[in-house]
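Colleague: I am new to reading structures, and I would like to go through one with you slowly, feature by feature. Could we begin by looking at the sequence and the structure together?

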Amino acid sequence: MKKAITIIVLIISFLILYFLQVNFFSWFTIAGIKPNLFIIFVLFISLFAGMKIGISFGILIGLFLDIIIGKSIGASAIMFGVIGLIGGYFDKNFSKESRLTIMLMVIGSTCIFEIGNYLLQIIQLSIYIEILPFIRTLLIETLYNAILTIILYPIMQKLGYKIEDTFKEQKILTRYF
Amino acid sequence: MLKNKKASKIGIIITIIILVIIVMVSNIQIDNVTYVENGLGIIVMPIQNGLTYLKNWIFGNNTFFTNINNLQEENKQLKEKNSELEQSLRELEIIKSENATLKEYVNLKDKYTDYETIPAYVIQKDISNYSDAMIINIGTKDGVDVNMPVISDQGLVGHIISVTDSTAKVQTIIDTASTISCVITTSRDIMIARGTLEKDSSLKATFIPTEATIFEGDKVETSGLGGIYPKGIHIGTIKKVVNTQNITDRYATIQTAVDFAKLETVLVITN
């Protein structure tokens, strides 16, 4: 029951993030470049709710975005799934207590997501490869995501530990004893 | 603990302020800064003028240098005039070929009014930095179908890639996956325009014929090849021609007529 409510809360927060991304952040840009809130969101779910839920949320969010606004189906779904996987790996190896680690995780996963997505799009849509404009866009986007992480960190932590309690209660005990 | 919380709150507020400043500064237009420039100029320039006058007065004889400066200036002006004349000569040649196709143009203009169009609002732009699709508020029940071209009052916007009952997804011409066959209005040279990752509504024109004469400011329109876009729809103007060592590799940047950042209403051509 508790899990179901948490999942509904996560879905609602995804919708809020979606409208934020579409309306607010398409206007509030750094040199015309938008952040990608969904990467932070999927990473956050995977870190606190576990790798399985992270991956499934990632794939569902990716499919949703591909169907709604994408040109081809699959690229973002795969890459958000990968972010879920990476989140699980980060959770096992790093502490979530520090703001800096979370920021570095966001920076890493933004880079992995966008590079992977771009490569998949090159294969799927046979687009023209532009390395320098891509790197410039990627750097600004990563910076923007990192700044947003600083702002969102307290909310992430508060909500995150609640989610962790509902999904990983037994695991925490086994981990420390 | 309490102190830490307070400090972190202050940190967040500072971060928000910095973010707002970065966004404002990075999106500022250069013409918006002119009044600052003017203001600074008022403070600095009179003093600078006075200092220059003083310097000239002290050193006295400065006519030799002014003469050289004048000659250099004149030489520069003559060179500019020469290149201008050369360009106008080439343009005259182009006008000849343009004359031959004028009749066709008259027909085309009639054709343009013959297009049946449906107006639509852009309801969502792309969420990603690496693609430029958008969603409009008409769908199959308004008679919209896949591959229909989309234009605005300024020029070509893109074509429809998928459609639902009440919405349609448009792939714009500045999308990285978009390629259009286009033609220079005056010289009728066909080339391929691709979307780029740049955020300033520009296209990259490649496969320019080696014998083609291409100038900055030339108008570009669709060629009608490829089967999606009809012939003669305005795309934009040539902004820059980049000549490489090998003439087959040269490319041009096209500034689209449509400002995609401010695009709100479009027309879908249905026939």
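Modeller: What follows is a conversation about confidence, helices, strands, barrels and the contact between the chains.

Modeller: Before we start, residues are numbered from 1 along each chain as its sequence is written, and chains are lettered from A and ligands numbered from 1 in the order in which they are written. This is a predicted model, in which local features need pLDDT of at least 70 and side-chain atom pairs count only at pLDDT 80 or more, while totals for chains, interfaces and linings use all residues.

Colleague: Which helix of chain A has the lowest mean pLDDT, and which element has the highest?

Modeller: pLDDT is the predictor's confidence in each residue, on a scale from 0 to 100. Chain A averages a pLDDT of 87, and 95% of its residues score at least 70. Among the elements of chain A, the lowest mean, 55, belongs to helix H7 (residues 169-176), and the highest, 92, belongs to helix H2 (residues 37-49). The element names come from DSSP runs numbered from the N terminus, where helices are H or I with at least four residues and strands are E with at least two.

Colleague: How should I read two packed helices, and at what angle do H3(A) and H4(A) pack?

Modeller: Two packed helices are described by the angle between their axes and by the distance between those axes. The axes are lines fitted to C-alpha atoms, for helices over the stretch in contact, and the angles run from 0 to 180 degrees between N-to-C directions. In chain A, helix H3 (residues 51-69) and helix H4 (residues 75-93) pack at an angle of about 160 degrees, with their axes 7 Å apart. H3(A) and H4(A) are therefore roughly antiparallel to each other, a description kept for angles over 145 degrees, whereas those under 35 count as roughly parallel, 65 to 115 as roughly perpendicular and the rest as oblique. The residues in this contact include A:Gly54, A:Gly58 and A:Gly62 of H3(A), together with A:Ala77, A:Gly81 and A:Gly84 of H4(A); two residues are in contact if their C-beta atoms, placed from the backbone, lie within 7 Å.

Colleague: Is the crossing of H3(A) and H4(A) left-handed or right-handed?

Modeller: The crossing of H3(A) and H4(A) is right-handed. A crossing is left-handed if the near helix is turned anticlockwise from the far one by less than a right angle, and right-handed if clockwise. For another case, H1(A) passes H6(A) in a left-handed crossing. Helix H1 (residues 2-24) and helix H6 (residues 131-167) of chain A pack at about 145 degrees, with their axes 9 Å apart, and A:Lys2, A:Lys3 and A:Thr6 in H1(A) meet A:Ile163, A:Thr166 and A:Phe167 in H6(A).

Colleague: Into which domains is chain B divided?

Modeller: Chain B has domain 1 (2-59) and domain 2 (115-271), with bounds from an automatic or database domain assignment. Taken over C-alpha atoms, the centres of these two domains of chain B are 38 Å apart.

Colleague: How do I read strand pairing, and in what order do the strands close into a barrel?

Modeller: Strands of a sheet pair through backbone hydrogen bonds, either parallel or antiparallel, and two strands count as paired if DSSP finds at least two bridges between them. In chain B, six strands close into a barrel with antiparallel pairing, in the order E1-E2-E5-E4-E3-E12, and the twist averages 45 degrees from one strand to the next. E1(B) pairs with strand E12 (residues 265-269) of chain B over five antiparallel bridges, where B:Ile118 stands opposite B:Val268. E1(B) also pairs with E2(B), antiparallel over three bridges, and the bridge partner of B:Val122 in E2(B) is B:Ile136.

Modeller: Another six strands of chain B close into a barrel in the order E6-E7-E8-E11-E10-E9, again with antiparallel pairing, and here the twist averages 40 degrees from one strand to the next. Within it, strand E6 (residues 179-184) and strand E7 (residues 190-195) of chain B share five antiparallel bridges, and in the hairpin that they form, with five residues between the strands, B:Arg188 takes a positive phi near 60 degrees.

Colleague: How many residues does each chain bring to the contact between them?

Modeller: The contact takes 27 residues from chain B and 26 residues from chain A. On the side of chain B that touches chain A, H1(B) gives the most, with eight residues.
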